[in-house]
Amino acid sequence: MAEKEERVKLLGFWASPFSRRVEMALKLKGVPYEYLEQDIMNKSPLLLELNPMFKKVPVLVHKGKVLPESHLILEYIDQTWKNNPILPQDPYEKAMAFLWAKFVDEQVAPTGFRSVVRAEKGIEVAIKEARELIMYLEKEVTGKDFFGGKKIGFLDMVVGSMIPFCLARGWEGMGIDMIPEEKFPELNRWIKKLNEVEIVRECIPNREKQIEHMKKAAERNKLA
Ligand SMILES: N[C@@H](CCC(=O)N[C@@H](CS)C(=O)NCC(=O)O)C(=O)O
């Protein structure tokens, strides 16, 4: 793996929003890559060797360089292959895109999934808390085709991989319509637009399979 091969390798996991968003970026840029599916419950020696600090997917390998962490990987891809830019050029807008991405992964995801599964304060309270956070995204996408503007970009990949194509399937498996059209018209419009993008469709995990996967993840989370 240490050889300075030009060809990109991606260690990922089919149901992981973090690795799916990296695939979206590679496909949008037209970068060929070798995909190495990982079992995250039984980590391979290769994953442990390449990402000893975090032991997580995704991991990108390019020309002997190894990079974990999806936000950093997306930025690396954008700076290495300049066609079809995914991050804003303006420094403030770029910083804000990273801020929103952090909000989605670190606030919306844990509140939206784990707190709903455990629902210590009751399921209605957990849903209300998650919706309050999702409402920030509803406002952010209002009046825009995509979070990134006219075209799909970094934030669309982060929000898309995490919310409609991952968490929403977990909620669906629990019988919860977390993002109803009447409360979140703009997000629903955006989700439809996202579904029309070919490279996104190519990276969306199979719905039924993911609902099952999320049910099992919810069970594990309850027991943990
Ligand atoms: N902050 C990381 C999160 C990556 C992550 O949580 N990956 C999960 C798969 S969805 C994983 O590898 N989990 C294995 C573990 O936590 O042990 C990123 O953005 O890449």
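Helices are DSSP runs of H or I with at least four residues, and strands are runs of E with at least two, both numbered from the N terminus. By this criterion, Leu48 lies in helix 2, residues 45–50. The model is a predicted one, in which local features need pLDDT of at least 70 and side-chain atom pairs count only at pLDDT 80 or more, whereas totals for chains, interfaces and linings use all residues. Residues are numbered from 1 along each chain as its sequence is written.

Leu48 counts as exposed because it has 10 C-beta neighbours inside 10 Å; the class requires 12 or fewer other C-beta atoms within 10 Å, a buried residue has 20 or more, a partly exposed one falls in between, and C-beta atoms are placed from the backbone. Setting aside residues up to four places away in sequence, Leu48 touches Lys43 and Lys55, where contact denotes C-beta atoms, placed from the backbone, within 7 Å.

Lys55 also belongs to the residues around the ligand, together with Phe13, Ser16, Phe18, Ile40, Lys56, Val57, Pro58, Glu69, Ser70 and His71. A residue is assigned to such a shell if its C-beta atom, placed from the backbone, lies within 6 Å of the molecule. The shell comprises five nonpolar, three polar and three charged residues, with Ala, Val, Leu, Ile, Met, Phe, Trp, Tyr, Cys and Pro taken as nonpolar, Asp, Glu, Lys and Arg as charged, and the others, Gly among them, as polar.

Across their interface, twelve residues of domain 1 are in contact with 16 residues of domain 2. On the domain 1 side, helix 1 (17–29) and helix 3 (70–80) each supply at least two residues, and helix 1 provides the largest share, eight residues. That side has seven nonpolar, one polar and four charged residues.

In soluble globular proteins, nonpolar side chains tend to be buried together. Here the largest nonpolar core has 53 residues, of which Ala25, Leu74, Val158 and Val159 touch the most other members; such a core is a set of buried Ala, Val, Leu, Ile, Met, Phe, Trp, Tyr and Cys residues joined through C-beta atoms within 7 Å. Helix 6 (residues 154–173) gives this core its largest share, twelve residues, and at least three residues come from each of domain 1 and domain 2. Val159 touches Val104, Leu137 and Phe147, not counting residues up to four places away in sequence.

How values were computed:
Domain bounds come from an automatic or database domain assignment. Two residues are in contact if their C-beta atoms, placed from the backbone, lie within 7 Å.
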